[in-house]
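Reader: I have a chain to look at before setting anything up. Can you walk me through it?

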Amino acid sequence: MDGLRAFGANYTEFTRRFATWLGLHTTDAAALVEILYAEDQGTPLSPARLSERVSLSSGATAILLKRLEQAGHIVRTRESTDRRVVTLRSSPDIRPRAEAFFGPYAERMAEAMSAYSPQEIQRFEDFIGRLRSTMDALLADEYRDGGPAA
């Protein structure tokens, strides 16, 4: 668990340095990273889903998105047949900058993971998935009001 905590802290530090590199607030950079990652996974985010991912209220997320849009880092599109649904996309200008920043990170992570077989990676992904679902359940149940249930 200590290794996972330390990895999470290092990932947070990468995001903080990405923010500094772009001249953004850390929360704005974290949101931008979530938007970029979701696009890379083929599942772009809506503002509501982004709000969940960065733990902000819908109002705070709207303000954050306005800042990112005004800075030219994101665009809002309407790609769904339901024209009320907004999809968040990275701007064409920000993607090369993000790739330049995170390129060495991605290369080193791929190199580190190449030491393991696909079966070992799958087993680790299963383990991390179980930890995540356990944490999600704790947050939704016992900690939904901010602290452990009495």
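Reader: Start with contacts. Of those between residues at least 6 apart in sequence, what share joins residues at least 24 apart?
Author: In this predicted model, 45% of the contacts between residues at least 6 apart in sequence join residues at least 24 apart.

Reader: What elements are there, and in what order?
Author: The chain has 6 helices and 2 strands. From the N terminus they run α-α-α-α-β-β-α-α.

Reader: Which residues touch the most other members of the largest nonpolar core?
Author: Phe18, Leu32, Ile35, Leu50, Leu65, Ile74 and Leu88 do, in a core of 25 residues. Helix 1 (2-22), helix 2 (26-40), helix 3 (47-54), helix 4 (58-70) and helix 5 (94-113) each give two or more residues to this core. The largest share is 7 residues, from helix 2.

Reader: Take Leu65. What is it in contact with, leaving aside neighbours within four places in sequence?
Author: Leu65 is then in contact with Ile35, Pro47, Leu50, Ile74, Arg76 and Leu88.

Reader: Last one: what are the overall dimensions?
Author: The C-alpha trace spans about 45 × 40 × 35 Å along its principal axes. Of the 150 residues, 25% count as buried.

Conventions. Residues numbered from 1 in each chain as written. Predicted model: local features only at pLDDT ≥ 70, side-chain atom pairs only at ≥ 80, totals over all residues. Heavy atoms only, no water. Core = buried A, V, L, I, M, F, W, Y, C linked by side-chain atoms within 4.5 Å. Buried < 20%, exposed > 50% of the residue type's maximum accessible area, 1.4 Å probe, protein only. Helix = DSSP H or I, 4+ residues; strand = E, 2+ residues; numbered from the N terminus. Contact = heavy atoms within 4.5 Å.
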